[in-house]
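Subject: Structure handover

Hi,

Here is the structure I promised to pass on to you. Please open it alongside this message, and my notes follow below.

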Amino acid sequence: MAVRTLLSKKTLTTVLRNDPKPIGAAITQSRGLHVFTLPDLAYDYGALEPVISGEIMQIHHQKHHQTYITNYNKALEQLHDSVAKADSLTTVKLQNAIKFNGGGHINHSIFWKNLAPVREGGGEPPKEALGWAIDTNFGSLEALIQKVNAEGAALQGSGWVWLALDKELKRLVVETTANQDPLVTKGTSLVPLLGIDVWEHAYYLQYKNVRPDYLKNIWKVINWKYASEVYENAF
C-alpha cells in the first residue's frame with residue numbers, strides 16, 4: 001500500500017458484515033488464495049476532528065489495521081500449507097491467529113464505515129425504520145447511547161461494543177466482544193449495525209485513559225445513515 005499523507009483522500013470498499021464475502025479493498029490472488037488489502041477511507045484522516053484526531057486515525061488505519069491484515073494473510077497462507085500437508089497440529093494452532101487478526105480486519109472495516117464527518121452527516125440521528133426500532137427496543141436514542149456507553153466503559157481490557165440486529169429474535173441488541181472477536185462469535189443471527197472500538201489505540205493519544213469521554217464524544221461522528229442501510233438490507 002502506498003504511503004498516504006495525513007490529509008489524503010480515501011474511498012471505501014466492500015466490507016464484510018456477517019457474510020462470507022471478503023473484506024477490504026482490491027482482493028488479489030496468491031497461490032490460489034485471497035490476499036486481503038487495507039480498505040481506503042471515504043474521508044480524510046483529519047475529517048473527524050475534534051472528536052478523533054487525524055493522528056489517531058492515521059496510526060489506527062495505517063498501522064494497526066494494516067498489521068491485522070498482514071498477519072491474517074500470513075496465517076491463511078500457513079493454514080493453506082498445513083492443510084495441504086495434512087498437518088493437523090499446525091492447522092489447529094493457527095486458529096487463534098486467524099480469529100484474532102481476521103476479526104481485527106472485519107471489525108475495523110466496519111468501524112471505518114460507522115464514522116462520518118459532521119459536514120457529511122456524522123452524528124445525525126437515525127430516521128425511519130432504524131429510528132423506530134431503536135425507540136421500540138430501547139425507549140429512545142438517548143437511552144441506547146447510555147447503554148452502549150455504559151457497556152463499553154465497563155468492558156475489561158480491550159474489545160468492542162456493538163449495536164446489532166438479532167435476525168432470529170427480530171430485535172436490536174447491544175453486545176460486547178473481547179479483543180478482536182467479531183460479532184459473529186456471539187451468534188450467527190447477529191448483524192452488526194454499529195461497532196465502537198474500545199481498544200486504547202483508538203483513543204489514548206487524545207483521551208488518555210478516560211474511555212468514557214471518548215465514548216461520549218464519538219456519537220458526534222457516528223454514521224447512522226450507513227447503520228440504517230445495513231438494518232434495512234438485513235430483512
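Let me start with Q180, which sits in the loop between β4 (171-178) and β5 (190-197); helices (H or I, at least four residues) and strands (E, at least two) are DSSP runs, numbered from the N terminus. Before going further: this is a predicted model, in which local features need pLDDT of at least 70 and side-chain atom pairs count only at pLDDT 80 or more, while totals for chains, interfaces and linings use all residues. Residues are numbered from 1 along each chain as its sequence is written, and side-chain values use heavy atoms, leaving out hydrogens and water.

Q180 has a relative accessible area of 0%, so it counts as buried (under 20%; exposed is over 50% and partly exposed in between, with a 1.4 Å probe and protein chains only). Its side chain makes a polar contact with the side chain of W160 at 2.9 Å. By polar contact I mean a pair of N or O atoms within 3.5 Å; within protein, one must be able to donate a hydrogen and the other to accept it, and residues adjacent in sequence count only if both atoms are side-chain atoms. Leaving out residues up to four places away in sequence, Q180 touches W160, H108 and H201, among others (contact means heavy atoms within 4.5 Å).

H108 and H201 also turn up in the UniProt record: the "binding site" annotation of the unreviewed entry covers H60, H108, D197 and H201. UniProt positions are in the numbering used here, feature names are shortened, and annotations may be inferred rather than shown by experiment. These four span 142 residues in sequence, yet no two of their C-alpha atoms are more than 12.1 Å apart, so they gather at one spot.

- H60 lies in helix α1 (residues 54-84) and is buried, at a relative accessible area of 1%. The side chain of H60 makes a polar contact with that of D197 (3.0 Å).
- D197 lies in strand β5 and is buried too, at 0%. The side chain of D197 makes a polar contact with the side chain of H108 (3.2 Å). Beyond four places in sequence, the contacts of D197 include F111, G159, W160 and Y214.

Happy browsing!
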